[in-house]
Amino acid sequence: MCCDSWHWQSQNPNGHDGHIGFDEPCDSFPRMTYEVELTDMTCEANKRFFNFIDEIPTAAFTMGIGTVMAAKKIVMVVTGADKAEILRKSFFGPVTPEVPASVLQFHPDVTLICDKAAFPG
């Protein structure tokens, strides 16, 4: 499949592990759109959208971090106390592919919208 012509963002912009779209934690920042094997955590989080366990996808196409960073503006919405730690790591921790959202620290125009549970102050 040719991924270069397919650039899209998932409905889950920031998971418990700091992934953006389906850019799961890994050892490098993927540059362009690519196919990824989904982690067990991501499959578990998405099972509510399916009637049967065998319907849950185990792979997806996702924008690479290079594609995300090429956006003029990024808006991230984070809610819930269960996201507080990863939100802190993403915006105030070291930039690392182990927390893909951390690369947003280098983007010139990111708007973060979050509730007090996700960012108590």
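Keep in mind as you go that this is a predicted model.

**Exercise 1. A spot on strand β3**

Task: Decide whether Val77 is buried, partly exposed or exposed, and find the patch that holds Val77.

Solution: 
- Step 1: Start with the location. Val77 sits in strand β3, which covers residues 74-78.
- Step 2: Check the accessibility. Val77 has a relative accessibility of 46%, so Val77 counts as partly exposed.
- Step 3: Look for partners. Val75, Val77 and Ile113 make up a nonpolar patch on the surface. Together they have about 250 Å² of accessible area.

**Exercise 2. Two strands side by side**

Task: Work out in which sense β1 and β2 pair, and which way the side chains of β2 point.

Solution: 
- Step 1: Strand β1 takes in residues 34-37, and its pairing with β2 is antiparallel, over four bridges.
- Step 2: Pick one bridge. Val36 has Ala60 in β2 as its bridge partner.
- Step 3: Now follow β2, residues 59-62, where the side chains alternate. Ala60 and Thr62 point to one face and are buried.
- Step 4: Glu35 has a relative accessible area of 52%; the cut-off for exposed is over 50%, so Glu35 is exposed.
- Step 5: Finally, take Glu35 and Gly64, which are 29 residues apart along the chain. Their C-alpha atoms are 9.6 Å from each other.

**Exercise 3. Charged partners**

Task: How many salt bridges are there? Say where the partners lie.

Solution: 
- Step 1: Recall the idea. Side chains of opposite charge can pair when their charged atoms come close.
- Step 2: Count them. There are three salt bridges.
- Step 3: Take Lys47 and Glu44, whose closest N and O atoms are 2.9 Å apart. Lys47 is partly exposed at 39% relative accessible area, and Glu44 is partly exposed at 48%.
- Step 4: Move on to Lys73 and Asp109, with the closest N and O atoms 3.0 Å apart. Lys73 is in the loop between α2 and β3, while Asp109 is in the loop between α3 and β4, so this pair ties together parts 36 residues apart in sequence. Lys73 is partly exposed, at 44%, and Asp109 is partly exposed too, at 32%.
- Step 5: Finish with Glu85 and Lys89, at 3.3 Å between the closest N and O atoms. Both lie in helix α3, four residues apart, or about one turn of the helix. Glu85 is partly exposed at 47%, as is Lys89 at 33%.

**Exercise 4. Rings that meet**

Task: How many aromatic pairs are there, and which residues form the pair?

Solution: 
- Step 1: The count is one aromatic pair.
- Step 2: Phe92 and Phe119 form this pair, with 5.9 Å from centre to centre and 20° between the planes. Planes under 30 degrees apart count as stacked, so this pair is stacked.
- Step 3: Phe92 is in helix α3 (residues 84-92) and Phe119 in the segment after β4, 27 residues apart, so the pair links distant parts of the chain.
- Step 4: Compare their surroundings. Phe92 is exposed, with 58% relative accessible area, whereas Phe119 is partly exposed, with 35%.

**Exercise 5. Cysteines**

Task: How many disulfides are there in the whole structure? Are Cys43 and Cys114 buried or exposed, or in between?

Solution: 
- Step 1: The search of the whole structure comes up with zero disulfides.
- Step 2: Cys43 is buried, at 15% relative accessible area.
- Step 3: Cys114 is partly exposed, at 30%.

Terms used
Residues numbered from 1 in each chain as written. Predicted model: local features only at pLDDT ≥ 70, side-chain atom pairs only at ≥ 80, totals over all residues. Heavy atoms only, no water. Patch = residues over 30% accessible without salt bridge, like charges linked within 9 Å, V, L, I, M, F, W, Y side chains within 5 Å. Areas by Shrake-Rupley, 256 points an atom, 1.4 Å probe, with all protein chains shown as cover. Salt bridge = Lys/Arg side-chain N within 4 Å of Asp/Glu carboxyl O. Buried < 20%, exposed > 50% of the residue type's maximum accessible area, 1.4 Å probe, protein only. Phe/Tyr/Trp six-rings, centres within 6.5 Å; stacked < 30°, edge-to-face > 60°. Disulfide = S-S within 2.5 Å. Pairing = 2+ DSSP bridges.
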